[in-house]
Number of protein chains: 2
Amino acid sequence: MPAPARSTYSQADLAKADSYKARDYPEDVDPAIERLVRDMMSGFADKWTVVILDTLWDGGTLRFSELARQVTGISQKMLTQTLKRMERDGLVIRELHASVPPKVEYSLSPLGLTLGAAFCNVWVWALENHKAVETAREQFDGDRD
Amino acid sequence: MPAPARSTYSQADLAKADSYKARDYPEDVDPAIERLVRDMMSGFADKWTVVILDTLWDGGTLRFSELARQVTGISQKMLTQTLKRMERDGLVIRELHASVPPKVEYSLSPLGLTLGAAFCNVWVWALENHKAVETAREQFDGDRD
């Protein structure tokens with residue numbers, strides 16, 4: 001990731017932003033690849049995907065019913081759809097055990113594990129900045145009253 | 001972020017995942033704060049938010065029409081809504097210049113800059129793993145034929 005284009009940030013702002021970076025995005029990426037990456041990001045930057053990644057990271061191997069309970073607010077239909085998309089993308093492993101009744105378990109694949117780790121900084125960001133966001137919201141709503 | 005719960009990953013898998021991490025998520029976070037952070041993540045893990053963060057990172061200060069052109073595929077209505085939400089959350093600064101006609105410009109706030117940086121690893125992940133995802137999709141679709 002090159003330096004941001006706006007030049008009015010303070011050194012402290014830039015240093016704080018830098019503290020959330022680990023890997024640098026290369027500068028010389030083919031525009032065709034850039035479009036592909038952006039399309040792909042649109043799919044992964046999805047609230048349920050991110051919460052399921054986190055839940056499977058913490059939970060290890062979980063049955064559908066356990067996921068449904070731990071991913072608060074998701075409907076069964078949305079959970080089914082999101083898990084199928086994540087399985088198709090190679091992020092989630094679905095294991096069918098031939099018991100009676102049959103048992104289906106979900107876990108992160110090694111690829112899903114790396115995506116979960118890549119989101120780590122965003123979770124840290126949310127933890128460290130949720131108060132700043134709430135303050136901004138109150139100020140914005142107050143200005144409109 | 002503590003170690004993942006599933007114990008069957010190889011050392012190489014764990015090392016690769018670790019390469020996408022920079023900051024560690026603390027282990028002793030209050031469950032009430034955890035719920036707040038998860039709710040907040042649901043808002044930021046949104047495809048348009050992520051693409052607008054990236055576009056403003058690269059573009060610096062942009063007019064609405066420039067954003068609309070650069071954020072491929074977004075509708076005017078969705079762009080307006082997403083920018084207003086990001087402004088309310090304190091991520092985006094909206095500047096109204098009293099020219100004729102009036103000019104409105106958008107840029108990342110220092111807070112938005114830090115969130116953009118936090119997403120950096122996810123962009124790097126998408127760049128490095130888009131082929132693996134495509135291969136997984138082809139295999140998944142092939143298995144179902």
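The following questions and answers concern a predicted model of two chains, A and B. Residues are numbered from 1 along each chain as its sequence is written, and chains are lettered from A in the order in which they are written. Local features need pLDDT of at least 70 and side-chain atom pairs count only at pLDDT 80 or more, while totals for chains, interfaces and linings use all residues.

Me: By what turn can chain B be laid on chain A?
Reply: The copies are superposed by least squares on the C-alpha atoms of residues with pLDDT of at least 70 in both. Chain B then falls on chain A with an RMSD of 0.0 Å and a shift of 0.0 Å along the axis, by a turn of 180°. The two copies are thus related as by a two-fold rotation axis.

Me: Which element gives the most to the side of chain B that touches chain A?
Reply: Counting two residues as in contact if their C-beta atoms, placed from the backbone, lie within 7 Å, 61 residues of chain B are in contact with 61 residues of chain A. Helices (H or I, at least four residues) and strands (E, at least two) are DSSP runs, numbered from the N terminus. With 15 residues, the element that gives the most is α7(B).

Me: What is the radius of gyration of chain A?
Reply: Chain A comes to 7 helices and 3 strands. Taken over C-alpha atoms, with a globule rule of 2.2 Å times the number of residues to the power 0.38, the rule gives 15 Å for 145 residues, so chain A is more spread out than a compact globule, its radius of gyration being 19 Å.
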